Amino acid sequence: MRLRETQKIVLPPTADMHVHLRQGEMMKLVTPSIRRGGVDTVFVMPNLQPPIRTVERALEYKSDLQSIEPDVTYLMSLYFHAELTPNVVAEAAKAGLAGIKVYPQGVTTNSDAGVASLDGFDDIFEAMQQHDLVLNLHGEVVGTPAQGLTHEEAFLPTLKSIHAKFPKLRIVLEHCSTAAAIEAVRGCGPSVGATITAHHLYLTGDMSNVDPHAFCKPIPKTPEDRDALLKAATSGDSKFFFGTDSAPHPLASKSAQGMAPPAGVFTQPYATQLVLRAFEEATERGIVAESDVTREKLEGFFNKFGRAFYKLDDNSVNGPKIVLERKGEKIPTSIQGEEGLEVGISRSGDEVFSLRWEK
Ligand SMILES: O=C1C[C@@H](C(=O)O)NC(=O)N1
């Protein structure tokens, strides 16, 4: 597909398998923006304050989200913590939760209640494998990694060893940011997949270091790493599927003088559109061949691969469609909610496809 010249694309709805929808006023502001980005299914992160540690709380959170936006399917998760038991894992599976998310302690926003190491949790992994719950990994080590490795590269042996011990346990290495992570996931069996965000397809470390709105974890890396992600996302390999890791923070906290900005890039209202923009740029730079951006591959990355990994029904043929058309629409600076709440949107001012839904 010559993306640059394409005026209209019709696709099945996007599944966004990694979102932060928060709570309170932020949840009310962000949740209605899911469908604007062409998304009808989301895997919801549990790093609230306090984190979601019980099945009861996960189900309560799900019903809060449904009451704000009923036309989205919410896949819910628990927060992996030191007191998690195999019984809670069984209960979570029975209640239809989709996964359990690991945050290495101190690695990112609301990760203080995470675990310092993944040693000593084999009974939990065993129970997750038995009950077929997905293990979602924020794959970074905390502290200074050895031998000039990135925090993500230093985590990859942990991914490999959990996979070797529990080969049927479905694992997602979330928000891959390096060529090494892509290789590691490729080298694992079919039970291991990975999400790729929109923003890691266009940001690099030098941008992330100077712009608070581009600052996130994992930190975007080199142009070569970004290009490896672009190639994986357009490869048609079903191990790699979309998950925005869209992470809203109040504009005030992102721009506070003298303070380190909180990690997180907000892309939710333009989720699908921003990926298409990144693919377009990749074809212009010759990183991805125009012939590699086919409808089939777009459908795979946006819809089919993530849904298949989470064992959801195929809605790509009979379900509703999203229609993307070039109308000169530009991404606004922010979205605004009640009580002065405002969240900056990534790549504001850029021209993107306009999106509408078709039943
Ligand atoms: O893993 C994460 C968490 C997220 C957040 O803000 O919750 N922000 C990030 O940049 N990475």
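This is a predicted model: local features need pLDDT of at least 70, side-chain atom pairs count only at pLDDT 80 or more; totals for chains, interfaces and linings use all residues.

Student: Which residues surround the ligand, then?

Tutor: With that 6 Å cut-off, the ligand is surrounded by H20, N47, T108, T109, N110, H138, C216, K217, D245, A247, A263 and G264.

Student: How many of the shell residues are nonpolar, polar and charged?

Tutor: The shell around the ligand divides into three nonpolar, seven polar and two charged residues. Gly goes with the polar class and Cys with the nonpolar one.

Student: K217 is in that list. What kind of peptide bond joins K217 and P218?

Tutor: A cis one, with omega at about -10 degrees. P218 sits in the loop between α7 (205–210) and α8 (223–233). There's also a cis bond between Q49 and P50, where omega is about -5 degrees. P50 has its place in the loop between β3 and α2 (55–68). As background, most peptide bonds are trans.

Student: What makes α5 roughly parallel to α6?

Tutor: Helix α5 (residues 151–165) and helix α6 (residues 179–187) pack at about 10 degrees, with their axes 9 Å apart. Angles under 35 degrees count as roughly parallel, so α5 is roughly parallel to α6.

Student: Which residues meet there?

Tutor: From α5 come E152, E153, L156, L159 and K160, and they meet A180, A181 and A184 of α6. Sorted by class, this contact of α5 with α6 has five nonpolar, no polar and three charged residues.

Student: On to the sheet with β2. Why are β2 and β4 said to stand at the edges?

Tutor: Three strands form an open sheet in the order β2-β3-β4, and the pairing is parallel. β2 (14–19) and β4 (73–75) each have a single partner strand, so one side of each is left without a neighbour in the sheet. On average, neighbouring strands of this sheet are turned by 20 degrees against each other, direction ignored.

Student: How do you know that β3 pairs with both β2 and β4?

Tutor: Pairing takes at least two bridges. β2 and β3 have four, in the parallel sense, and V19 stands opposite V44 in β3. Strand β3 (residues 39–44) is joined to β4 by three bridges, also parallel, and T41 has T73 in β4 as its bridge partner. Helix α11 (residues 295–309) packs on this sheet and touches β2 and β3, its direction making about 65 degrees with that of β2.

Student: What makes β2 "mostly covered"?

Tutor: Six of the six residues in β2 are buried, and buried takes 20 or more other C-beta atoms within 10 Å.

Student: Which strands pair with β11, and in what sense?

Tutor: Strand β1 (residues 8–11) pairs with β11 (residues 321–330) in the antiparallel sense over four bridges; V10 has V323 in β11 as its bridge partner. β11 and β14 (residues 351–358) pair in the antiparallel sense over seven bridges, with E358 in β14 as the bridge partner of K321.

Student: R22 and E339 both have a positive phi. Which of them is buried and which exposed?

Tutor: R22 has 21 other C-beta atoms within 10 Å, so R22 is buried. E339 has 7, so E339 is exposed, the cut-off for that label being 12 or fewer. Phi is about 60 degrees for R22, which is found in the loop between β2 and α1 (24–30). For E339, phi is near 55 degrees, and the place of E339 is in the loop between β12 (334–336) and β13 (342–344). Neither R22 nor E339 is a glycine, and most residues other than glycine have a negative phi.

Student: Last one: why is P269 called buried, given that it lies in a loop?

Tutor: The label comes from counting neighbours. P269 has 24 C-beta neighbours inside 10 Å, so P269 counts as buried. The loop in question runs between α9 (251–254) and α10 (271–284). Leaving aside neighbours within four places in sequence, P269 is in contact with S33, R36, G37, I335 and I345. P269 and S246 are 23 residues apart in sequence and 9.3 Å apart in space, C-alpha to C-alpha.

Key:
Residues are numbered from 1 along each chain as its sequence is written. Axes are lines fitted to C-alpha atoms, for helices over the stretch in contact, and angles run from 0 to 180 degrees between N-to-C directions. Helices (H or I, at least four residues) and strands (E, at least two) are DSSP runs, numbered from the N terminus. Angles under 35 degrees count as roughly parallel, over 145 as roughly antiparallel, 65 to 115 as roughly perpendicular and the rest as oblique. Two residues are in contact if their C-beta atoms, placed from the backbone, lie within 7 Å.
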